[in-house]
There are 4 protein chains.
Amino acid sequence: MRPNVNLIEYALPDIGAGKLKVHGRTTGELDPLTLFWTGSGIELNAKGSELWIEVEAGYDTYEPWISILIDGEPVSRQMVAAGRHWACVFRGMNASVAKNVRIVKDTQAMSGDPGCFLQIRAAKFDGEFLPVAEKPYRIEFIGDSITSGEGAIGAVGEEDWIPMWFSALRNYTALTAEALNAEYRVISQSGWGVLTSWDNNPRANVPDYYEQVCGLLQGERNEALGAFRPNDFAAWQPDAVVVNLGTNDGGAFHSPAWTDEATGATHKQRLNEDGTYHEEDLAAFEKAAENFLAKLRRCNGKAHIVWAYGMLGAPMMPAIYRAVDAYAKRTGDRKVSVFQLPNMTEETVGARAHPGAAAHERAARELAGYIRPLLTGSGR
Amino acid sequence: MRPNVNLIEYALPDIGAGKLKVHGRTTGELDPLTLFWTGSGIELNAKGSELWIEVEAGYDTYEPWISILIDGEPVSRQMVAAGRHWACVFRGMNASVAKNVRIVKDTQAMSGDPGCFLQIRAAKFDGEFLPVAEKPYRIEFIGDSITSGEGAIGAVGEEDWIPMWFSALRNYTALTAEALNAEYRVISQSGWGVLTSWDNNPRANVPDYYEQVCGLLQGERNEALGAFRPNDFAAWQPDAVVVNLGTNDGGAFHSPAWTDEATGATHKQRLNEDGTYHEEDLAAFEKAAENFLAKLRRCNGKAHIVWAYGMLGAPMMPAIYRAVDAYAKRTGDRKVSVFQLPNMTEETVGARAHPGAAAHERAARELAGYIRPLLTGSGR
Amino acid sequence: MRPNVNLIEYALPDIGAGKLKVHGRTTGELDPLTLFWTGSGIELNAKGSELWIEVEAGYDTYEPWISILIDGEPVSRQMVAAGRHWACVFRGMNASVAKNVRIVKDTQAMSGDPGCFLQIRAAKFDGEFLPVAEKPYRIEFIGDSITSGEGAIGAVGEEDWIPMWFSALRNYTALTAEALNAEYRVISQSGWGVLTSWDNNPRANVPDYYEQVCGLLQGERNEALGAFRPNDFAAWQPDAVVVNLGTNDGGAFHSPAWTDEATGATHKQRLNEDGTYHEEDLAAFEKAAENFLAKLRRCNGKAHIVWAYGMLGAPMMPAIYRAVDAYAKRTGDRKVSVFQLPNMTEETVGARAHPGAAAHERAARELAGYIRPLLTGSGR
Amino acid sequence: MRPNVNLIEYALPDIGAGKLKVHGRTTGELDPLTLFWTGSGIELNAKGSELWIEVEAGYDTYEPWISILIDGEPVSRQMVAAGRHWACVFRGMNASVAKNVRIVKDTQAMSGDPGCFLQIRAAKFDGEFLPVAEKPYRIEFIGDSITSGEGAIGAVGEEDWIPMWFSALRNYTALTAEALNAEYRVISQSGWGVLTSWDNNPRANVPDYYEQVCGLLQGERNEALGAFRPNDFAAWQPDAVVVNLGTNDGGAFHSPAWTDEATGATHKQRLNEDGTYHEEDLAAFEKAAENFLAKLRRCNGKAHIVWAYGMLGAPMMPAIYRAVDAYAKRTGDRKVSVFQLPNMTEETVGARAHPGAAAHERAARELAGYIRPLLTGSGR
């Protein structure tokens with residue numbers, strides 16, 4: 001191989017203002033850039049013939065995966081093995097044509113692996129970076145395994161809980177944002193809910209950590225990486241916030257009690273004998289949802305808040321409607337609504353009994369149709 | 001990361017008879033295994049928790065790309081950078097479940113880059129390799145850029161001639177074989193034809209090199225790797241041979257003459273003033289096609305030979321029919337036929353003005369429907 | 001034409017018990033059979049070579065349309081002109097094969113045309129009528145123009161309010177019932193709602209007439225035909241009742257007041273200046289919905305009641321959820337729920353700015369998936 | 001019903017030049033207009049509120065069926081019973097809007113029923129007929145049962161040979177013409193071929209009757225109706241002629257000999273013991289095809305002639321290619337080519353083991369793509 005002698009190395013901060021677009025909620029630091037969330041990553045307009053990026057990753061259990069898109073089309077998807085290495089993004093291309101490049105984190109933030117991290121450190125390029133235009137809209141998606149794209153790739157029948165089955169691109173979040181020409185961010189965690197996780201852990205709730213960069217992570221490394229810092233909401237205000245939570249809160253009613261190993265305290269969302277949800281526990285969920293709406297509004301002043309739920313059934317829908325109603329009544333906030341997403345079917349199921357790519361496509365089509373008038377101002 | 005202390009390294013020959021399935025035409029050597037053709041690779045049934053493979057690649061101009069499939073679903077696709085390195089195939093999986101693993105070469109043999117090579121050297125695994133069952137049918141596909149999957153991945157509008165836009169999986173060959181539950185091999189080269197290449201080079205023809213392992217390559221390294229050895233046809237006899245050539249022979253009529261730099265000799269498939277093909281030159285094409293059929297039959301005694309053509313239009317179809325007719329008449333060979341593949345459209349075009357994934361899917365659906373009765377014996 | 005001398009005339013009652021299946025809500029009389037509602041009609045298993053039916057129709061303004069299905073496939077659709085005449089259903093068929101025949105009323109009951117009526121009087125047949133098997137499930141659909149299939153046939157852009165654009169078959173009701181192997185009935189009226197019509201007429205509400213055979217009709221002829229008799233609910237108890245109302249109640253807020261010509265009284269669902277629904281008027285809608293649920297339960301003791309709404313947007317959804325909640329809380333009735341149907345889009349719009357056939361197909365697919373577990377007993 | 005006192009009766013000739021468009025090959029007579037072929041009919045632009053047409057039909061065995069389209073969308077399809085009667089096309093429409101109306105004959109010319117005829121005699125209208133614009137292209141389709149749309153409507157499994165299963169609209173001819181914005185005519189007959197019918201009747205061949213208006217009919221009535229008159233080719237010159245014949249010629253090889261009842265002479269396209277076609281008989285087919293091409297060119301001076309075949313398999317394709325080749329060689333005619341249509345599949349089969357609507361749609365999509373450049377002049 002004849003090495004390309006024109007490659008120049010750039011630490012990310014040196015790429016230039018407006019020329020390195022960072023996607024997803026991060027600390028703002030670029031040297032290196034730590035990526036936490038599903039769908040986070042970088043975007044460049046690279047006018048040159050050869051481009052490399054330097055990545056670094058680590059993990060105890062769950063390795064990160066990334067996808068590479070050139071001019072909007074996925075061309076590569078790979079596991080990022082532990083260590084630090086250079087990955088070639090493209091080579092041999094026409095040096096006078098600008099290519100839009102996106103490096104996207106396919107895997108979610110891993111609350112269960114304090115050793116897991118992914119960073120982009122630098123780029124090596126023989127051309128010129130051009131400005132990356134801002135999109136007209138911004139959307140934030142908040143959710144659980146569905147929003148993390150769990151099971152959207154891989155064969156039906158796969159059961160292992162491993163990062164390989166997570167996809168940021170075969171994902172209603174990416175597809176909805178693309179349909180609406182919106183920049184987007186994802187805040188998601190498998191198994192988590194509004195009040196508890198599917199297995200009744202009251203700490204495994206998204207709202208408690210919402211105000212931090214990536215508060216649901218654990219451990220010293222993540223602390224050092226800035227995961228627990230307050231998120232700078234003012235720096236990125238979405239036009240719409242989509243909340244896709246409730247599936248695990250619904251599951252909690254059907255799961256055994258959770259015991260706090262430290263204190264011995266237990267928690268359970270109780271199911272009545274006749275199969276209905278225990279009134280107090282359901283009310284606790286509704287209260288948590290109501291409070292989350294208040295928190296979302298506090299953090300996102302102008303956004304339309306859409307509770308979009310249903311891809312794995314919608315048993316919590318009445319409770320969600322009540323919570324949204326109570327919040328809207330209490331506050332007079334009119335920019336909040338509920339939308340039911342189409343349920344997964346036998347034909348659209350993916351791996352791990354989760355929605356497959358086809359289910360995500362269906363959901364994105366309906367959701368984009370609902371959100372579009374909200375963004376363009378011709379809605380409610 | 002806690003390293004997996006149970007990983008055992010296997011040179012490919014040590015994996016065990018019937019447990020390492022090699023796909024595609026190779027020399028038969030496994031230490032290491034050199035992959036030449038589109039769609040070539042290895043297949044394993046790996047019952048364990050973590051698997052790595054060691055690859056080695058080199059190139060002057062055109063780098064190889066590989067895809068990884070787990071249980072039949074693509075999960076990874078990556079450029080293989082120059083050098084030797086270990087790639088993790090999967091980790092953290094259930095050690096008592098066998099996973100079907102395929103490593104597939106996405107890029108074609110590169111006649112234009114004598115420095116290009118790809119090898120799989122070894123595997124590292126903490127479990128047990130199980131036998132890989134043979135499929136009931138075998139199909140060999142012979143063709144040009146279409147069969148190499150050029151343009152089947154990447155954005156419409158991409159023009160660079162680079163390996164990144166080649167796909168073995170978004171490819172009518174893989175899709176047809178899958179629909180028919182057949183093992184398959186691909187012999188293909190962009191720009192080449194039956195008689196000449198699109199630009200009238202009479203040496204850029206597939207038939208001349210058909211009897212070698214990968215005779216269309218050049219250079220010492222490839223010679224050392226065994227590319228020019230005679231292919232062992234007896235060891236792998238297909239039930240069907242699909243010939244998708246003619247597109248570049250058609251293009252030659254519309255291209256300028258080609259000059260042999262060494263001798264100064266020129267070659268041109270001439271176009272008459274009224275836009276028809278020059279009678280002698282067309283006859284030369286037909287003769288070459290007829291001779292290729294004879295060669296194919298000599299090498300593949302029992303196969304149904306199907307000339308399947310048309311994904312980029314079918315101007316050579318009448319000539320192809322005449323050639324097949326002449327061959328059948330001369331030899332009495334009744335297991336040869338012609339099939340027209342659906343043309344690419346505005347909606348199904350991919351990158352580099354080549355058929356995109358949707359065009360390949362359409363073609364595979366029609367072709368599989370045509371070939372099925374030939375394989376099951378209920379056809380002609 | 002050689003007349004078929006084997007044709008025997010049957011008044012409908014003479015066809016035989018279990019051999020003439022009447023679909024839709026009717027008075028029970030068969031001599032003749034008067035059809036009122038969308039999707040009503042007859043079903044026969046006719047083992048013979050030639051079959052005719054005698055129909056009679058009349059109208060001042062709106063003519064009825066019927067469709068004919070043979071073995072489940074539509075083969076004919078025609079306007080039924082005023083008068084009495086024989087229509088050939090099939091001829092020249094194999095006399096020893098039984099054909100399943102359905103004659104279906106495509107048009108809704110016409111509250112705006114007291115002169116409109118459609119009757120089937122007799123059949124002429126040269127074969128044997130065989131028993132028609134009962135389907136395992138029964139579903140009743142209640143709704144407005146969407147449920148009447150308005151706009152599901154005809155070119156996008158058609159604006160005339162005429163019966164020709166109504167379809168019982170290109171209709172989510174028929175498609176959902178088919179997917180679930182259910183017999184079904186339709187109670188629907190364009191422009192009507194739960195509380196008022198789209199134009200604020202408080203009498204144009206479906207609940208007030210629900211307990212009669214076809215109470216929303218007017219005039220002496222309809223009275224004589226038995227339209228105002230109490231419906232015999234005991235004779236046909238559905239497993240599911242689908243209520244698709246609310247669209248016109250939502251429209252009322254945006255329409256001018258309605259004036260009772262007789263009394264001068266006006267009615268308007270008022271819109272606040274800020275675009276929200278007037279609290280009292282919205283509450284009136286919710287109360288009406290709540291009361292309708294109580295009425296539905298009174299009339300249909302075992303049915304799952306599903307409020308399915310959304311094919312023309314879902315602005316009334318929060319109010320519907322509140323109404324269902326209030327009803328369920330008050331009564332402890334657990335077999336009532338809400339389901340959001342996919343909204344029509346630019347691609348799926350039909351005639352008269354109503355959902356086209358594609359929108360109905362999408363809605364039926366989602367609705368059938370939701371209802372299926374309720375019917376099979378594996379739901380809630 | 002309040003009769004419409006504004007209806008004025010028009011014999012067809014009185015509708016006005018350029019305002020009554022006749023589709024399909026007819027004698028040119030309008031008083032009345034006799035329709036023979038699949039897809040024939042009339043087209044009007046009717047600006048008024050109510051329109052009726054007077055039809056008359058007769059048959060010994062096979063009744064005609066018609067479809068009605070308003071603004072390009074089918075709204076009605078009905079059997080036309082024997083006798084003369086008025087059928088309402090539309091009523092109650094906006095009198096100031098012009099509606100495009102097409103009455104289309106769904107059934108083929110019935111060579112097996114000399115008593116079968118269909119005529120349109122008059123129209124009754126309360127508005128104004130506006131000119132019907134000519135389309136930019138004209139296409140003639142020649143074929144067999146596939147081109148007659150046999151089996152394109154009705155349930156899979158229907159076996160009766162009756163007119164009900166024939167459709168002019170769910171038919172690749174109508175769909176291809178629509179995609180190309182072309183006016184079209186159909187010359188077709190179930191079971192017939194180029195040389196013989198499927199059952200070896202040498203008189204059941206389309207070419208022998210091609211030059212007459214509808215020469216394949218029989219009997220005095222048809223003679224009186226002008227069916228045997230020479231067709232006026234000069235009056236309607238197509239831009240493309242699509243020949244979809246060969247399926248029945250292929251079937252003949254597998255069918256028993258046919259005996260001429262009158263003379264005792266037999267005819268059989270013989271199959272060799274090894275399953276190949278008898279050389280002489282195949283050559284007879286090729287000669288017949290070659291002669292038909294010459295006749296087509298004689299009658300249609302400027303048309304691109306496309307032999308499009310394959311919807312029920314393509315065993316005759318090599319013979320067709322040879323015939324086209326021989327013709328082109330002999331005459332130098334360059335505006336003739338062959339195109340393979342996609343084969344019917346298990347998923348796309350319709351009634352009577354014939355291509356269903358989905359197969360026709362697939363074929364039309366491919367055929368339109370092939371013909372388009374021929375029409376726009378950017379092809380060969």
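**Two interfaces in a predicted model**

According to UniProt (unreviewed entry), the feature "domain: SGNH hydrolase-type esterase" covers residues 141-338 of chain A. The model is a predicted one.

Q: How far apart are the end C-alpha atoms of residues 141-338 of chain A?
A: This is the span that the UniProt record labels "domain: SGNH hydrolase-type esterase". By secondary structure the span is 28% helix and 14% strand. Its end C-alpha atoms are separated by 14 Å.

Q: What area is buried between chain A and chain B?
A: Start with the residues: 35 of chain A are in contact with 35 of chain B. Carbon and sulfur atoms give 55% of the buried area. The total comes to about 2,900 Å².

Q: How many salt bridges and how many residue pairs in polar contact are there between chain A and chain B?
A: One of the salt bridges pairs the side chains of Glu63(A) and Arg91(B), at 2.6 Å from N to O. The salt-bridge count between chain A and chain B is two. For residue pairs in polar contact, both at pLDDT 80 or more, the count is 11.

Q: Which strand of chain A gives the most to the side that touches chain B?
A: Three elements of chain A each supply at least two residues to that side: strand 6 (65-70), strand 7 (73-79) and strand 8 (83-90). Sorting the residues of this side by type gives 20 nonpolar, six polar and nine charged. The top contributor, with seven residues, is strand 7.

Q: Which residue meets Arg77(A) in a salt bridge, and how many residues apart in sequence are the parts it ties together?
A: The partner is Asp106(A), with 3.5 Å from N to O between the side chains. Arg77(A) sits in strand 7 of chain A, while Asp106(A) is in the loop between strand 9 (98-105) and strand 10 (117-125), so the pair ties together parts separated in sequence by 29 residues.

Q: What area do chain C and chain A bury between them, and which three residues of chain C supply 38% of its share?
A: Here the contact takes 17 residues from each of chain C and chain A. Together the two chains bury about 1,500 Å², with 40% of that on carbon and sulfur atoms. On the chain C side, the three residues that supply 38% of the area, more than any other three, are Tyr321(C), Arg334(C) and Gln340(C).

Q: Which element of chain C gives the most to the side that touches chain A?
A: The elements giving two or more residues are helix 5 (317-331), strand 18 (336-340) and helix 6 (357-376) of chain C. By type, the residues of this side are six nonpolar, four polar and seven charged. With five residues, the leading element is helix 5.

Q: Which C-alpha of chain C is nearest the axis that relates chain C to chain A?
A: A 180° rotation with 0.0 Å of shift along its axis puts chain C on chain A, with an RMSD of 0.0 Å. Both copies use the same surface, since 100% of the contact residues of chain C recur in chain A. The C-alpha nearest the axis, 3.0 Å from it, belongs to Gln340(C).

Q: How far apart are the closest C-alpha atoms of chain B and chain C?
A: Chain A and chain D do not touch, and their nearest C-alpha atoms are 17 Å apart. No contact joins chain B and chain C either. For chain B and chain C, the closest C-alpha atoms are separated by 17 Å.

Definitions and conventions:
Residues are numbered from 1 along each chain as its sequence is written. Chains are lettered from A and ligands numbered from 1 in the order in which they are written. This is a predicted model: local features need pLDDT of at least 70, side-chain atom pairs count only at pLDDT 80 or more; totals for chains, interfaces and linings use all residues. Side-chain values use heavy atoms; hydrogens and water are left out. Contact means heavy atoms within 4.5 Å. Buried area is the accessible area (1.4 Å probe) that two parts lose on being put together, summed over both. Helices (H or I, at least four residues) and strands (E, at least two) are DSSP runs, numbered from the N terminus. Ala, Val, Leu, Ile, Met, Phe, Trp, Tyr, Cys and Pro count as nonpolar, Asp, Glu, Lys and Arg as charged, and the others, Gly among them, as polar. Copies are superposed by least squares on the C-alpha atoms of residues with pLDDT of at least 70 in both. UniProt positions are given in the numbering used here, feature names are shortened, and annotations may be inferred rather than shown by experiment. A salt bridge is a side-chain nitrogen of Lys or Arg within 4 Å of a carboxyl oxygen of Asp or Glu. A polar contact is a pair of N or O atoms within 3.5 Å; within protein, one must be able to donate a hydrogen and the other to accept it, and residues adjacent in sequence count only if both atoms are side-chain atoms.
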